[in-house]
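Morning, everyone. I'll keep this brief. Please have a look at the structure first.

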Amino acid sequence: MNPDPDSGATAPAVPRIIARAEHSISRKNISPNALRVLYRLRDGGHQAFLVGGCLRDLLLGVEPKDFDVATSARPEEVKRLFRNCRLIGRRFRLAHVFYGQEIIEVATFRAASAPSQGEEPEEDPDILPEVGASEDNGVEPPLPPPDEGEEDEDTDRVLDEGGRILRDNTYGTVEEDVWRRDFTCNALYYNIEDFSLWDYVGAMDDIQARRLRLIGDAEQRYREDPVRMLRAARFEAKLGFTIDGETESKIGPLRHLLTEVPTARLFDETLKLFLTGHGARSLEVLRRRELLGVLYPSVDRYLRKHPGSLVEQLLKAGLENTDARVASGKTVTPTFLFTLLLYGPIAEYIERQPPQKWDDVGTILDGCDHAVRAAQERVQIPKRFALGLREMFALQPRLEHPRGRRALRLLEQSRFRAAFDLLLLRAQIGMAPPEVAQWWTRLQQVGEEERGQMADALEQRGGSGRREGGGGRPRRRRRRARPAGGE
Ligand code: ATP
Ligand code: MG
């Protein structure tokens with residue numbers, strides 16, 4: 001793309017070069033594996049730079065999520081240099097270099113404004129993207145699977161009638177590569193040759209001013225790739241940046257374009273928005289920018305219809321808990337995330353049924369299926385997460401009304417822990433009786449014998465904790481708060 005001198009950020013073809021002595025990025029803070037990749041590319045006679053979000057984050061004192069490399073080497077040349085390398089993506093060819101859990105993404109300079117690194121959704125939706133969103137601890141590190149089908153090294157660029165880029169493998173130089181990056185703050189280059197930073201677009205100034213600005217013409221850049229609107233929201237939430245001028249004002253008129261984005265890619269973006277440590281702020285930004293309604297119309301509708309509802313409190317508290325887990329290095333799961341997001345639509349479905357059916361597992365499962373199906377129209381929800389969500393919801397009435405020794409068997413269910421976490425959250429905001437949550441908490445702390453005694457005591461008292469306590473809340477309200485309700 002040739003930068004249009006009359007629009008947005010423009011820049012001379014020569015970069016402002018910021019020498020090592022004049023910037024704060026130290027090799028101590030760069031992943032040793034990324035450095036390994038850069039040095040090997042350089043020793044192979046290629047240009048090699050760190051690029052994008054990792055530099056922005058290092059300058060801001062934030063720990064980078066990943067380290068991305070841009071190089072003059074063609075994908076096949078990268079593959080020849082690294083045994084632990086796999087080429088991915090048909091539309092946008094990239095090399096992934098594998099070091100145990102860490103993947104260094106290596107992209108060849110491109111000569112056009114193409115969606116780029118991080119843009120391609122995983123082809124197999126059941127493979128988790130790299131956002132630490134593992135379902136459980138101790139997930140095997142990804143091994144490099146075989147390359148995708150052999151394909152000619154195409155150098156064509158294909159756009160649809162709306163200007164959306166469908167395919168782009170036009171390779172170029174670093175001077176050209178810069179124009180296809182999304183925001184100025186993501187377009188710095190760190191040269192492994194002399195550790196200098198190359199800045200073509202005023203990136204340093206924008207990072208210092210915490211300003212988010214698309215490179216080039218905002219409307220054109222959003223039309224090429226509407227996901228950039230979600231990325232803008234994500235960087236606003238994650239970094240507290242202010243979205244600048246047209247980069248902000250074009251979101252309103254163009255947000256509907258997100259409905260044309262493949263659902264798998266929106267799943268990927270959902271995880272980046274909500275499971276990388278700033279989920280609560282992402283929700284706030286998505287709502288304020290009216291993007292939630294495009295991504296999750298049923299969730300947005302519920303929240304608008306029931307302002308300040310228990311469901312809204314649950315969603316916020318759940319996202320805050322998730323953020324705290326990410327901050328302390330614990331795992332987080334898409335299943336739990338979708339449980340939070342779809343709680344409102346599920347509750348709505350259940351409460352449309354006659355009250356005597358609200359606790360029926362069949363009703364609850366119908367509610368889950370109904371809500372998942374509706375959400376799937378925009379955002380893919382891989383089967384394993386939809387199944388996990390069903391199990392978590394189905395367990396709620398059984399957890400809320402434990403029945404004697406039979407309750408002990410629930411402890412062995414694979415989904416128990418997640419369902420218990422949901423019960424805790426519901427109890428925290430008054431959707432479930434706190435004494436039941438306490439009972440299950442204690443049950444997990446004590447030994448076998450005491451467990452039995454606790455179950456027997458419960459049996460003698462006539463079943464479940466639901467008849468005890470409750471703080472004198474009206475019956476109807478109690479029912480609405482179970483198992484998925486809670487307006
Ligand atoms: P983070 O890793 O914190 O999510 P990031 O900016 O590194 O943020 P990635 O998705 O890792 O985001 O992408 C790496 C780089 O690739 C970006 O910094 C940007 O330069 C470029 N890029 C990613 N997605 C796009 C896109 N949709 N359009 C244009 N450039 C993009
Ligand atoms: Mg990145």
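Start with E400 and R426. They form a salt bridge, with the closest N and O atoms 3.0 Å apart. E400 sits in helix 17, residues 383-400, and R426 in helix 19, residues 416-428, so the pair ties together parts that are 26 residues apart in sequence. Buried or exposed, this E400? Buried, at 1% relative accessibility. R426 is buried too, at 0%. Keep in mind that this is a predicted model.

The structure holds 30 salt bridges. Take R228 and E224: their side chains meet at 2.8 Å, N to O. R228 is buried, with a relative accessible area of 2%. E224 is buried as well, at 5%.

Now R211 and D206. This salt bridge spans 2.7 Å, N to O. D206 is buried, at 1%, whereas R211 counts as partly exposed, at 29%.

There is also a network. Salt bridges link E236, E248, E284, R288 and R289.

On to the surface. R398, R403, R406 and R409 gather there in a patch of positive charge. R409 belongs to helix 18, residues 406-410. Its relative accessible area is 57%, so R409 counts as exposed.

Next, helix 13, residues 297-305. Its buried residues include S298, V299, D300, Y302 and L303. What do the buried residues of helix 13 pack against? Helix 11, helix 12, helix 14 and helix 15.

Last, the whole chain. There are 22 helices and twelve strands. Of the 487 residues, 56% count as buried.

Terms used:
Residues are numbered from 1 along each chain as its sequence is written. Chains are lettered from A and ligands numbered from 1 in the order in which they are written. This is a predicted model: local features need pLDDT of at least 70, side-chain atom pairs count only at pLDDT 80 or more; totals for chains, interfaces and linings use all residues. Side-chain values use heavy atoms; hydrogens and water are left out. Patches are made of residues with over 30% relative accessible area and no salt bridge: like charges are joined within 9 Å, nonpolar side chains (Val, Leu, Ile, Met, Phe, Trp, Tyr) within 5 Å. Accessible areas come from the Shrake-Rupley method with a 1.4 Å probe; for residues, only the protein chains shown count as cover. A salt bridge is a side-chain nitrogen of Lys or Arg within 4 Å of a carboxyl oxygen of Asp or Glu. Lys and Arg count as positive and Asp and Glu as negative; His and the chain ends are not counted. The place of a charge is taken as NZ of Lys, CZ of Arg, CG of Asp or CD of Glu. Helices (H or I, at least four residues) and strands (E, at least two) are DSSP runs, numbered from the N terminus. Buried means under 20% relative accessible area, exposed over 50%, partly exposed in between (1.4 Å probe, protein chains only). Contact means heavy atoms within 4.5 Å.
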